[in-house]
Amino acid sequence: MSKPMDLPNLPATVHDVAPWRDRFLQWLERIYASPTIYKWSLLTPFTSWITKRRTQQIFDLMAGFVYSQVLLGCVRLDLFRMLQNAPADIKQIAQRVGLPEPALQRLLLSAVALKLLECRRNGRFGLGPLGVPMALHTGIAAMVEHNDLLYRDMQNPIGFLNHAWKGSMADYWPYAHDAQAATHADPEKFSQYSDLMAASQGFVVQEILDTYPFANHRCVLDVGAGKGRFASELAAHAPHLQIKLFDLPPVLALASENIRSKGLTARMALHPGSFLHDPLPTGADMVTLVRVAHDHPDDVVRQLLAKIHAALPSDGVLLLAEPMAQTAADGQTSEAQTDAYFHFYLLAMGAGRLRTPQELMRLMTEAGFSDVTRLANRLPIHAQLLVGRKT
Ligand SMILES: C[S@@+](CC[C@H](N)C(=O)[O-])C[C@H]1O[C@@H](n2cnc3c(N)ncnc32)[C@H](O)[C@@H]1O
């Protein structure tokens with residue numbers, strides 16, 4: 001490991017497991033390990049579904065890489081867009097993608113097994129329930145292609161833990177490990193990640209616009225605004241708002257073209273700079289921080305939140321939205337599998353980490369925000385939302 005990493009405190013409840021619960025978990029572990037109980041569990045209707053589900057879960061963990069590669073194969077052959085509203089048989093598909101039918105059939109049947117495709121009449125293949133979003137949202141396909149970098153870095157997971165931040169993912173994100181990247185890194189790198197962010201931001205933007213009412217604000221400053229996708233959609237959603245964008249100079253150069261092409265120049269102001277070295281522009285009564293904090297270590301997040309606090313007027317609001325740990329403070333959750341992805345993604349990227357909503361709320365409070373609360377949104381898998389007020 002080339003740089004020091006944050007070692008956050010585990011939730012208090014992890015240190016503080018009640019003695020009875022500790023004994024119970026130990027007992028449960030022995031039950032799981034007993035061959036007799038395993039056999040019995042499969043014979044009893046009340047328990048057989050649990051055992052079958054666990055078996056499937058273990059199988060899925062083991063096979064996850066194959067599932068990802070089936071998805072990537074379909075994306076690279078553009079099968080989802082090809083078959084949308086136009087089911088085709090294997091001969092037609094083989095001709096279009098230039099693969100031998102016997103091999104292609106394995107891919108198509110695997111995609112059917114994963115509900116990405118479906119078998120239709122006369123031996124044709126059409127989109128399955130999970131193939132439809134793949135065809136509709138280019139951002140998901142872009143992330144599937146991008147994850148190939150992460151999975152290459154993680155080929156040897158133990159080696160990766162010793163050398164994280166040195167692979168192709170770290171190289172992809174210039175600012176994550178170089179505070180001066182904006183002044184000397186290849187501009188193409190900024191363009192590459194900004195395109196990916198704009199493509200993948202749609203679901204996050206939807207969560208924010210569906211959850212937070214912007215009616216009472218006059219001017220919003222989006223920090224880490226990227227190419228301005230959120231800013232543009234916010235402008236359409238709340239036509240009374242003025243919007244300021246802050247990001248690194250090479251990124252805002254791209255945003256500027258984007259905003260001009262959408263005819264939004266009069267409502268948007270661009271403020272190129274680095275929140276590591278420059279103050280933030282004042283004049284906005286609300287700051288949005290979308291998928292930015294998780295890229296940075298705690299000391300940078302503290303600095304950034306302090307700058308946001310300083311830039312806001314009294315009664316100004318900070319809205320922070322990003323994927324957050326879904327594992328609750330007591331370690332129990334139904335959706336925590338996504339945590340594993342983000343822990344490793346952010347480790348490979350360079351500097352930040354996945355934080356719990358509670359950790360981020362604490363950082364916001366330390367920076368001076370009050371009434372810090374979490375807003376319930378429909379799909380926390382895309383992002384969770386926190387707001388705080390400067391009083
Ligand atoms: C993960 S991207 C998210 C972009 C956008 N908010 C979104 O959700 O798609 C993080 C953004 O923060 C910007 N950023 C990173 N370090 C920065 C810094 N020191 N100063 C200003 N912007 C920075 C990056 O250029 C990038 O646009």
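Here are some numbered notes on the fold, the ligand surroundings and a few individual residues of this model.

1. **Ground rules.** This is a predicted model, so to speak: local features need pLDDT of at least 70, side-chain atom pairs count only at pLDDT 80 or more, and totals for chains, interfaces and linings use all residues. Residues are numbered from 1 along each chain as its sequence is written.

2. **The seven-stranded sheet.** An open sheet of 7 strands runs in the order E6-E5-E4-E7-E8-E10-E9, and its pairing is mixed. Strands here are DSSP E runs of at least two residues, helices are H or I runs of at least four, and both are numbered from the N terminus. Two strands pair if DSSP finds at least two bridges between them. At the edges sit strand E6 (268–272) and strand E9 (369–375), each pairing on one side only. From one strand to the next, the twist averages 20 degrees.

3. **Pairings inside that sheet.** E9 is joined to strand E10 (residues 384–390) by 5 bridges, and the two run antiparallel. E4 and E5, by contrast, pair in the parallel sense, over 5 bridges, and the partner of Leu221 in E5 is Lys244. E4 is mostly covered, with 4 of its 5 residues buried. Buried means 20 or more other C-beta atoms within 10 Å of the residue's own, exposed means 12 or fewer, and partly exposed is in between, with C-beta atoms placed from the backbone.

4. **Helices across the sheet.** Helix H15 (residues 229–237) lies across strand E4 (219–223), strand E5 (242–247), E6 and strand E7 (286–290), at about 175 degrees to E5. Helix H16 (residues 249–261) lies across E5 and E6, at about 165 degrees to E6. For those angles, axes are lines fitted to C-alpha atoms (for helices, over the stretch in contact), and values run from 0 to 180 degrees between N-to-C directions. Contact means that the C-beta atoms of two residues, placed from the backbone, lie within 7 Å.

5. Another open sheet has 3 strands in the order E1-E3-E2, with antiparallel pairing. Its edge strands are strand E1 (88–89) and E2, each pairing on one side only. E1 and strand E3 (residues 124–127) are joined by 2 bridges, and Asp89 stands opposite Arg124 in E3. Between E2 and E3 there are 4 bridges, with Cys119 partnered by Phe125 in E3. H7 lies across E2 and E3, at about 105 degrees to E2.

6. **Which residues come nearest the ligand?** Of the 18 around it, they are Met197, Gln201, Gly224, Gly226 and Arg291; a residue is near if its C-beta atom, placed from the backbone, lies within 6 Å. By class, this shell has 10 nonpolar, 5 polar and 3 charged residues. Asp, Glu, Lys and Arg count as charged, Ala, Val, Leu, Ile, Met, Phe, Trp, Tyr, Cys and Pro as nonpolar, and the others, Gly among them, as polar.

7. **Two positive phi values.** Arg291 is not a glycine, yet has a positive phi of about 55 degrees. Arg291 sits in the loop between E7 and helix H17 (298–311) and is partly exposed, because 19 other C-beta atoms lie within 10 Å. Asn122 belongs to the turn of the E2/E3 hairpin, which has 3 residues between the strands, and has a positive phi of about 60 degrees. Asn122 counts as exposed, because there are 7 C-beta neighbours inside 10 Å.

8. **Cores.** The largest nonpolar core has 70 residues, and Val223, Val287, Ile308, Leu318 and Met364 touch the most other members. Another core lies apart from it, with 16 residues, among them Cys74, Ile93, Leu127 and Met134. A core is a set of buried Ala, Val, Leu, Ile, Met, Phe, Trp, Tyr and Cys residues joined through C-beta atoms within 7 Å.

9. Leu71, in helix H4 (residues 45–76), counts as buried because it has 22 C-beta neighbours inside 10 Å. Neighbours within four places in sequence aside, Leu71 contacts Leu116 and Val144. Leu114 lies in the loop between helix H7 (101–113) and strand E2 (117–120), and is partly exposed because 16 other C-beta atoms lie within 10 Å.
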